Amino acid sequence: AGTNLEVEQAITQVRDGGYDIAVMSMGSFEGPFDGTHSTSQKVNGARTAGVFWVNAAGNHAQRHYEGDWTDANGDGVHEWAAGDSLMGLNLPAGQFEAYLSWFETAGATTNHDYDLVLQDASGTQIASSNVTQNGDDPPAERLLAYVPAAGVYNLRIVGMSPAGITLNDHFQLFLPTIDVEG
């Protein structure tokens with residue numbers, strides 16, 4: 001199974017097939033990660049039907065960042081560490097993807113708006129996610145970028161909410177093909 005829909009169909013087959021035990025290893029980069037995702041609900045349904053469910057965890061531990069919005073200098077850019085608003089990444093040429101979510105603090109929809117921005121080493125923007133969260137959108141961003149040449153690039157989380165909205169969210173960031181620094 002590859003897509004969430006295919007995984008959910010497989011879970012239904014396990015539930016309806018009379019199985020007692022299921023062991024699954026899968027990764028999902030799109031939240032929420034609080035048990036309300038449709039795949040989590042399918043697993044819960046299988047458990048309720050009597051299936052003992054075991055799921056692997058940590059497959060992408062080195063490709064994950066978790067932290068709270070921090071902007072001590074007030075420039076509207078998340079600081080990964082004190083005074084450091086750039087996550088340095090050594091990227092190969094080709095496709096790059098990143099998934100950011102803040103479901104834990106925002107709920108199912110939010111007006112807390114963030115963008116992921118990928119820059120080259122000189123600070124030139126290569127790509128940004130640009131989804132606008134205006135109150136009826138999920139707290140998630142997906143960045144797909146084409147990296148023209150192998151080298152050092154920087155990833156930033158930029159607060160895009162209008163003035164008057166206090167940003168204080170907890171982030172989950174997944175980089176499926178690149179280890180996170182630190």
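## Salt bridges

Asp-16 counts as exposed because its relative accessibility is 54%, where exposed means over 50% relative accessible area, buried under 20% and partly exposed in between (1.4 Å probe, protein chains only). Its side chain meets that of Arg-15 in a salt bridge, at 2.8 Å from N to O. Arg-15 is partly exposed, with a relative accessible area of 31%. The model is a predicted one, in which local features need pLDDT of at least 70, side-chain atom pairs count only at pLDDT 80 or more, and totals for chains, interfaces and linings use all residues. Residues are numbered from 1 along each chain as its sequence is written, and side-chain values use heavy atoms, with hydrogens and water left out.

The structure holds three salt bridges, a salt bridge being a side-chain nitrogen of Lys or Arg within 4 Å of a carboxyl oxygen of Asp or Glu. Side chains of opposite charge can pair when their charged atoms come close. Another of these bridges joins Arg-63 and Asp-179, whose closest N and O atoms are 3.0 Å apart. This pair links distant parts of the chain, 116 residues apart: Arg-63 lies in the loop between β2 and β3, and Asp-179 in the segment after β10. Arg-63 counts as partly exposed at 28% relative accessibility, and Asp-179 is partly exposed with a relative accessible area of 45%.

Glu-97 and Arg-142 also form a salt bridge, with 3.9 Å between the closest N and O atoms. Glu-97 is in strand β5 and Arg-142 in strand β8 (residues 140-147), so this pair too links distant parts of the chain, 45 residues apart. Glu-97 is buried, with a relative accessible area of 16%, whereas Arg-142 is partly exposed at 41%.

Strands here are DSSP runs (E, at least two residues), numbered from the N terminus. Strand β10 covers residues 170-174 and is mostly covered, with five of its five residues buried. In a regular strand the side chains alternate between the two faces of the sheet. In β10, His-170, Gln-172 and Phe-174 are buried on one side, and Phe-171 and Leu-173 are buried on the other.

Two strands pair if DSSP finds at least two bridges between them. Strand β3 (residues 64-68) pairs with β10 in the antiparallel sense over five bridges, and His-64 stands opposite Phe-174. Strand β5 (residues 94-101) is joined to β10 by three bridges and runs antiparallel to it. There, Phe-174 is the bridge partner of Tyr-99.

## A four-stranded sheet

Four strands form an open sheet in the order β4-β9-β6-β7, with antiparallel pairing. The edge strands, β4 (87-91) and β7 (125-128), each pair on one side only. The twist averages 30° from one strand to the next, taken between axes that are lines fitted to C-alpha atoms, with angles running from 0 to 180 degrees between N-to-C directions.

Within this sheet, β6 (residues 114-120) and β9 (residues 151-159) pair over seven bridges. Val-117 stands opposite Arg-156 in β9.

## A nonpolar surface patch

Ile-21, Val-23, Phe-52 and Val-54 make a nonpolar surface patch of about 410 Å². Such patches consist of residues with over 30% relative accessible area and no salt bridge, nonpolar side chains (Val, Leu, Ile, Met, Phe, Trp, Tyr) being joined within 5 Å and like charges within 9 Å. The elements that give two or more residues to the patch are β1 (21-24) and β2 (52-55). Val-23 has its place in strand β1 and counts as exposed, at 67% relative accessibility.

Methods: Accessible areas come from the Shrake-Rupley method with a 1.4 Å probe; for residues, only the protein chains shown count as cover.
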